[in-house]
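Me: I have a structure open and would like to go through it piece by piece. Can you take some quick questions?

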Amino acid sequence: MATTDLKLEECGTLPRPGPVGRLVRLLFGTMCLYYVFGLWAVRGDLMTSEGAIRPLLWNGIVIGLILVSYVVNIGFSRSWKKWPVAVSAAALAGMALVGYIQADMFETPLLAHTVHIWELYIFSHLGLAFVVAALIGTPGCEMRAFHHLYSLVTGKPTKEHHCPIGPLGPVDRWEAGQAWYDQNHR
């Protein structure tokens with residue numbers, strides 16, 4: 001896994017995404033928000049009739065745990081390394097343990113609600129960041145999109161961050177090297 005260390009770069013260091021980079025960001029944002037809408041749709045019915053947590057909630061656990069440190073560290077400009085994933089995993093395991101102590105089973109409404117709220121946050125933040133990054137052409141990691149928007153509104157430069165995982169960095173570098181790439185993006 002890529003490092004979760006916070007490595008902010010000066011404004012203008014990274015290439016701005018062109019049409020391909022923006023489209024990739026928009027697609028990822030749409031996928032995240034589609035998942036969020038699915039989560040929202042089941043908000044009042046998180047358990048199946050058999051008493052298990054809905055599979056939809058389980059679908060986001062692993063990817064959420066992989067991404068939570070990036071979402072928090074880069075999105076909030078904090079260098080908390082792997083602590084966000086450790087705290088998230090501990091909280092989810094703690095809720096499962098409380099459920100087991102109370103009801104002699106791990107899959108309880110308490111765990112379902114905890115997972116639901118946690119995933120709503122992670123994927124909403126990520127999805128909105130991807131969409132904003134696509135719309136305003138945020139260079140590097142989409143988690144800097146709200147900082148970039150602040151910079152555009154106030155005129156105060158904010159730092160950029162290389163995208164530590166996923167295809168955004170390679171797509172942006174490839175696109176910047178193409179003859180058709182608009183020189184105004186640099």
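Me: Which residues have the most contacts inside the largest nonpolar core?
Reply: Leu 57, Leu 126 and Met 143 have the most contacts there. That core holds 34 residues. Keep in mind that this is a predicted model.

Me: Which helices supply at least two residues of this core each?
Reply: Helix H1 (19-41), helix H3 (61-75), H4, H5 and helix H7 (168-176) each do. H5 gives the most, with 10 residues.

Me: Why would such residues end up in one place?
Reply: As a general point, nonpolar side chains tend to be buried together in soluble globular proteins.

Me: Back to Leu 126. What is Leu 126 in contact with, leaving aside neighbours within four places in sequence?
Reply: Its partners are Cys 32, Leu 67, Val 71, Glu 142 and Met 143. Met 143 is also one of the residues with the most contacts inside the core.

Me: Zooming out. How many helices and strands are there in the chain?
Reply: The protein chain has seven helices and two strands. Read from the N terminus, the order is β-α-α-α-α-α-α-β-α.

Me: What does the C-alpha trace span, and how much of the chain is buried?
Reply: The trace spans about 60 × 30 × 30 Å along its principal axes. Of the 186 residues, 43% count as buried. The accessible surface is about 9,900 Å², and 69% of that belongs to carbon and sulfur atoms.

Me: Now H4 and H5. At what angle do the axes of H4 and H5 cross?
Reply: At roughly 160 degrees, and the axes come within 8 Å. H4 covers residues 83-103 and H5 covers residues 109-136. An angle over 145 degrees counts as roughly antiparallel, so H4 and H5 are roughly antiparallel to each other.

Me: Which residues make the contact?
Reply: From H4, Ser 88, Leu 92, Met 95, Ala 96 and Val 98 take part. From H5, the residues are Leu 110, Leu 111, Thr 114, Val 115 and Trp 118. Sorted by type, eight are nonpolar, two are polar and none is charged.

Me: Is Asp 172 buried or exposed?
Reply: Asp 172 is buried, with a relative accessible area of 3%; the cut-off for buried is under 20%. Asp 172 is found in helix H7. Leaving aside neighbours within four places in sequence, Asp 172 is in contact with Pro 15, Pro 17, Gly 21, Arg 25 and Gly 140.

Me: Last one. How far apart are Lys 7 and Pro 164, in sequence and in space?
Reply: They are 157 residues apart in sequence and 9.7 Å apart in space, C-alpha to C-alpha. Lys 7 is in the segment before strand S1 (8-9) and counts as partly exposed at 47% relative accessibility. Beyond its neighbours within four places in sequence, Lys 7 is in contact with Glu 160 and His 161.

Definitions and conventions: Residues are numbered from 1 along each chain as its sequence is written. This is a predicted model: local features need pLDDT of at least 70, side-chain atom pairs count only at pLDDT 80 or more; totals for chains, interfaces and linings use all residues. Side-chain values use heavy atoms; hydrogens and water are left out. Axes are lines fitted to C-alpha atoms, for helices over the stretch in contact, and angles run from 0 to 180 degrees between N-to-C directions. Helices (H or I, at least four residues) and strands (E, at least two) are DSSP runs, numbered from the N terminus. Angles under 35 degrees count as roughly parallel, over 145 as roughly antiparallel, 65 to 115 as roughly perpendicular and the rest as oblique. Contact means heavy atoms within 4.5 Å. Ala, Val, Leu, Ile, Met, Phe, Trp, Tyr, Cys and Pro count as nonpolar, Asp, Glu, Lys and Arg as charged, and the others, Gly among them, as polar. A nonpolar core is a set of buried Ala, Val, Leu, Ile, Met, Phe, Trp, Tyr and Cys residues joined through side-chain atoms within 4.5 Å. Buried means under 20% relative accessible area, exposed over 50%, partly exposed in between (1.4 Å probe, protein chains only). Accessible areas come from the Shrake-Rupley method with a 1.4 Å probe; for residues, only the protein chains shown count as cover.
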